[in-house]
Amino acid sequence: MAVVAVLLGWLSPVFYILISLLFGAFLAYCAYITYVHMKYDHIPGPPRQSFLFGHLILFCEMRKKDQIVYDKLIEWAETYGPVYRINLLHKVLIVVTCPEATKEILMSPKFPKDKEIQKSISSMFGERFFGNGLITAVDHDLWYKHRRIMDPAFSRLYLRGLMGTFNERAEKLMERLSEEAENQTEVAFGVELDLLNQSSPFPKAIDTCLLGLQCYSRDLFFQYYPKNRAFIKEVREACRLLRTTGAQWINDRKKATQNGEDVPKDILTQIIKSAGEEENMTKEDEEIMLDNFVTFFIAGQETTANQLAFCIMELERHPEILDKLKQEVDDIIGMKRDISYDDLGNLTYLTQVLKETLRLYSTAPGTNREIPVDMDINGIHIPAGVSAMFFSYVTGRMEKFFKDPLKFDPDRFHPDAPKPYYCYYPFALGPRSCLGINFAQMEAKVVMAKLLQRFDFTLVPGQSFDIRDTGTLRPKGGVFCTIKHRQTQ
Ligand code: HEM
């Protein structure tokens with residue numbers, strides 16, 4: 001008893017000091033938030049619900065209800081104008097819908113990506129994930145070195161030579177769908193990531209990483225709940241599997257090239273070739289190549305698959321557009337099995353339909369930049385230090401930029417129609433725009449053209465047309481169709 005009394009007597013001053021320190025830190029943090037408010041509150045913006053949390057609580061509530069935060073951002077853009085402020089704890093974000101400022105900031109290399117935002121996805125549950133790869137890299141020189149290595153493999157010229165592979169992969173998918181058509185089973189687009197090979201651990205690892213990324217980026221405390229431990233372990237293993245597989249593929253190919261073996265002329269060979277031409281490839285550079293490998297599999301697959309799913313969903317709602325599209329495919333592709341690069345260029349209406357799909361459903365909804373110097377946007381003074389957010393989803397759905405914005409109308413992208421002015425950028429803009437834009441759109445066109453050539457699909461009754469935000473956007477619950485071989489064939 002006496003020992004406990006002595007201990008308590010000794011501990012209580014420690015306890016009081018600790019509480020005083022914590023309280024002092026809290027007061028200092030509050031003072032900092034007050035300073036931040038004073039510095040940036042002249043920028044218009046919605047009222048904060050909380051001094052401390054700013055607008056964070058509203059976003060958390062919306063996410064819990066599975067609502068789309070970007071819809072709120074559209075409402076605010078309409079109320080507060082082309083640049084408005086959002087507070088998240090001590091952080092200030094501005095949402096920019098002003099086309100001139102969008103052009104000035106996104107087209108310039110002087111506005112780096114936001115360090116804090118990028119850091120949040122560079123690792124996941126302590127495991128290196130996007131790392132210092134192209135999406136997350138903040139340092140311009142390092143980013144540029146790797147973009148230089150990757151660019152040739154994703155150029156139109158190079159991809160043109162891969163039409164055979166695009167056709168082959170799409171053909172495998174058609175064979176799978178053909179079986180489904182014969183068995184009259186339902187097909188879910190936007191749910192299964194790889195319809196071709198779910199038994200292999202690799203696609204499963206991609207799925208697990210995507211799910212992990214959602215949990216990790218949405219809930220700050222997710223990793224601290226004991227009930228999530230098993231799942232977190234699975235996610236970390238999946239991250240490692242993607243990296244080790246990448247390392248294996250790169251090493252095997254490097255060895256084969258060095259041994260003078262016949263290697264496939266594909267993206268991997270091209271990347272290894274351009275990396276070999278770079279001077280000073282360090283150990284960290286090798287790691288960054290793996291970061292990019294992970295990025296391609298995660299960011300690339302997901303966004304394109306979801307674009308296709310949204311496209312099918314909208315076509316089913318618009319039979320007249322579907323008929324016109326089928327007519328175009330019949331005229332240009334006919335019964336041909338292999339689609340050529342020139343065919344893709346001639347499928348102009350399909351291009352319009354895919355562009356319109358990304359206007360309404362910008363599967364990667366936006367990008368961010370740091371504002372490192374004071375500047376004016378639309379007559380409003382923006383002090384340095386904020387993070388600027390740009391959402392193609394937001395501008396794409398604003399009446400100001402697109403008349404009757406919720407109407408799915410591919411004619412907005414008719415070759416003779418005026419081009420949208422810095423209000424449509426589903427692949428971002430400028431030097432940090434999507435590396436995979438050509439790849440993604442070639443893939444989407446080949447798959448869509450073959451689908452339209454061979455199948456009639458009908459949505460299963462009760463299909464939801466809602467969107468689910470999982471970091472990227474996807475149709476809520478997937479797009480369920482029954483498919484049949486086309487009657488005309
Ligand atoms: C419909 C499909 C796709 C869409 C809508 C899309 C959209 C985007 C967007 C908006 C960004 C900018 C992200 C940011 O600033 O944080 C981006 C960047 C990027 N995307 Fe895509 N993407 C698609 C497909 C692909 C594919 C297929 C690949 C690769 C195979 C790819 C690789 C990348 C890379 C590496 C970057 C970073 C570029 C850089 O900063 O240098 N994307 N993409």
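Student: Which residue stands opposite Val 479 in strand 13?

Tutor: In this predicted model, Phe 189 is the residue that stands opposite Val 479.

Student: What makes strand 5 and strand 13 a pair?

Tutor: Two strands count as paired if at least two bridges are found between them, and strand 5 (residues 186-189) and strand 13 (residues 479-485) have four bridges in the antiparallel sense, so by that rule they pair.

Student: How do you know that strand 10 also pairs with strand 13?

Tutor: The requirement is at least two bridges, and five bridges join strand 10 (residues 455-459) to strand 13, the two running antiparallel. Leu 459, for example, stands opposite Cys 481 in strand 13.

Student: Why is one side of strand 1 and of strand 6 left without a neighbour in the sheet?

Tutor: The sheet in question is an open one of four strands in the order 1-2-9-6, with mixed pairing. Strand 1 (83-88) and strand 6 (366-370) stand at its edges and have a single partner strand each, so one side of each is left without a neighbour. From one strand to the next, the twist averages 30°.

Student: What joins strand 6 to strand 9, and what packs on this sheet?

Tutor: Strand 6 and strand 9 (residues 387-391) pair in the antiparallel sense over five bridges, and Met 389 in strand 9 is the bridge partner of Asn 368. Helix 3 (residues 69-80) packs on the sheet, where it touches strand 1, strand 2 (91-96) and strand 9, and its direction makes about 130° with that of strand 1.

Student: How do you know that the radius of gyration of the chain agrees with that of a compact globule?

Tutor: For 489 residues, a compact globule would have a radius of gyration near 23 Å, and the chain has 25 Å, which agrees. The C-alpha trace spans about 90 × 55 × 50 Å along its principal axes.

Student: What share of the residues is called buried, and why?

Tutor: A residue is called buried if 20 or more other C-beta atoms lie within 10 Å of its own, and buried residues make up 35% of the 489 residues in the chain.

Student: Which residues come nearest to the ligand, and which helix gives the largest share of the shell around the ligand?

Tutor: Of the 23 residues around the ligand, Gly 300, Thr 303, Thr 367, Cys 434 and Gly 436 come nearest. The elements that give two or more residues to this shell are helix 12 (283-317) and helix 17 (437-454), and the largest share, seven residues, comes from helix 12. By type, the residues of the shell divide into 13 nonpolar, eight polar and two charged.

Technical notes. Residues numbered from 1 in each chain as written. Predicted model: local features only at pLDDT ≥ 70, side-chain atom pairs only at ≥ 80, totals over all residues. Near = placed C-beta within 6 Å. Nonpolar A, V, L, I, M, F, W, Y, C, P; charged D, E, K, R; others polar. Rg over C-alpha atoms; globule rule 2.2 N^0.38 Å. Buried ≥ 20, exposed ≤ 12 C-beta atoms within 10 Å, placed from the backbone. Axes fitted to C-alpha atoms, helices over the stretch in contact; angles between N-to-C directions. Contact = placed C-beta atoms within 7 Å.
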